[in-house]
Amino acid sequence: MAADPEGLLVRRLGSDDAMAFMALRRAALLEAPFAFASSPEDDVTRSREFVQEALAASDQATFGAFAEGLIGIVGIGRQRHLKAAHKCEIWGLYVKPGARSGGVGRALVLEALAFARSLAGVTHVYVGATERAPQATSLYQSVGFITWGVEPAALRLGEVVASESHMALALDGGSGQQAHRPNASRRCGCVLQPQLAQVMRGALAGVGRGMQ
Ligand SMILES: CC(C)(COP(=O)(O)OP(=O)(O)OC[C@H]1O[C@@H](n2cnc3c(N)ncnc32)[C@H](O)[C@@H]1OP(=O)(O)O)[C@@H](O)C(=O)NCCC(=O)NCCS
């Protein structure tokens with residue numbers, strides 16, 4: 001549990017938080033459709049039982065930021081396959097519009113990264129952000145993520161398509177020194193062939209139990 005910045009409480013959500021999580025998650029999908037692959041009508045978090053089970057699971061975690069109620073959420077999950085269990089993926093980052101630009105998003109991401117570091121054997125964290133979520137890309141870069149591939153036309157909604165940057169962060173073995181590096185955004189990322197990006201994306205499927 002972390003109080004940061006000023007009066008903000010960031011803590012792991014549990015089953016009792018299911019209703020508040022579902023309400024904010026739905027608001028997120030409606031307000032920022034290109035930030036998430038899920039749509040309100042196909043989102044797995046429509047099911048309260050699913051959400052309660054997910055919030056109670058040990059190999060994944062959902063964190064909430066509280067300031068007069070739940071104002072931000074982020075999830076992180078570990079790959080289930082044995083040969084991929086060194087990887088976690090962040091999903092579902094969202095901060096209410098009125099609470100943005102005050103450090104809430106970063107506090108949530110840092111809490112998710114701390115969770116990844118707490119899992120023995122986890123060495124890498126992955127995340128994706130579409131070109132229509134530039135604030136998210138900037139945030140992830142600011143804590144050390146680099147882009148390893150760009151997937152063209154990753155999401156389509158009506159006539160609008162958006163590419164997605166796939167990013168990775170190599171953890172530093174638990175020292176925490178890599179969590180916040182303001183200059184990291186100036187580092188260059190690599191752009192892989194779209195086909196390879198697709199394959200790697202597929203390899204990560206299942207993390208977050210479909211709650212992207
Ligand atoms: C992305 C999001 C979570 C950021 O939350 P936030 O609380 O505003 O973020 P913070 O205040 O912690 O900012 C952290 C960093 O994010 C980036 N950032 C935040 N707002 C930004 C903006 N308007 N323009 C550019 N970069 C921005 C910056 O790198 C910032 O670091 P800095 O303050 O040192 O410059 C929020 O904008 C959001 O919910 N957007 C809609 C949903 C979304 O895009 N989710 C991401 C899914 S991958």
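The model is predicted: local features need pLDDT of at least 70, side-chain atom pairs count only at pLDDT 80 or more, and totals for chains, interfaces and linings use all residues. Residue numbers start from 1 along each chain as its sequence is written.

Start with the whole chain, coloured by secondary structure. There are 5 helices and 8 strands (DSSP runs, H or I of at least four residues for helices and E of at least two for strands, numbered from the N terminus). Their order along the sequence is β-β-α-α-β-β-β-α-β-α-β-β-α.

Next, select residues 18–31 (α1) and 48–56 (α2). Their axes come within 10 Å and cross at roughly 110° (lines fitted to C-alpha atoms over the stretch in contact, with angles from 0 to 180 degrees between N-to-C directions). The two helices are therefore roughly perpendicular (65 to 115 degrees). Show Ala18, Phe21 and Met22 of α1 with Arg48, Val51, Gln52 and Leu55 of α2, which make the contact (C-beta atoms, placed from the backbone, within 7 Å).

Now turn to the largest nonpolar core, which has 48 residues (buried Ala, Val, Leu, Ile, Met, Phe, Trp, Tyr and Cys joined through C-beta atoms within 7 Å; buried means 20 or more other C-beta atoms within 10 Å of the residue's own, with C-beta atoms placed from the backbone). Helix α3, residues 104–118, supplies the largest share, 9 residues. Select Leu108, one of the residues with the most contacts inside the core. Beyond its neighbours within four places in sequence, Leu108 touches Val10, Phe63, Ala65, Gly72, Val74 and Leu93.

Conventions
Buried ≥ 20, exposed ≤ 12 C-beta atoms within 10 Å, placed from the backbone. Contact = placed C-beta atoms within 7 Å. Parallel < 35°, antiparallel > 145°, perpendicular 65-115°, else oblique.
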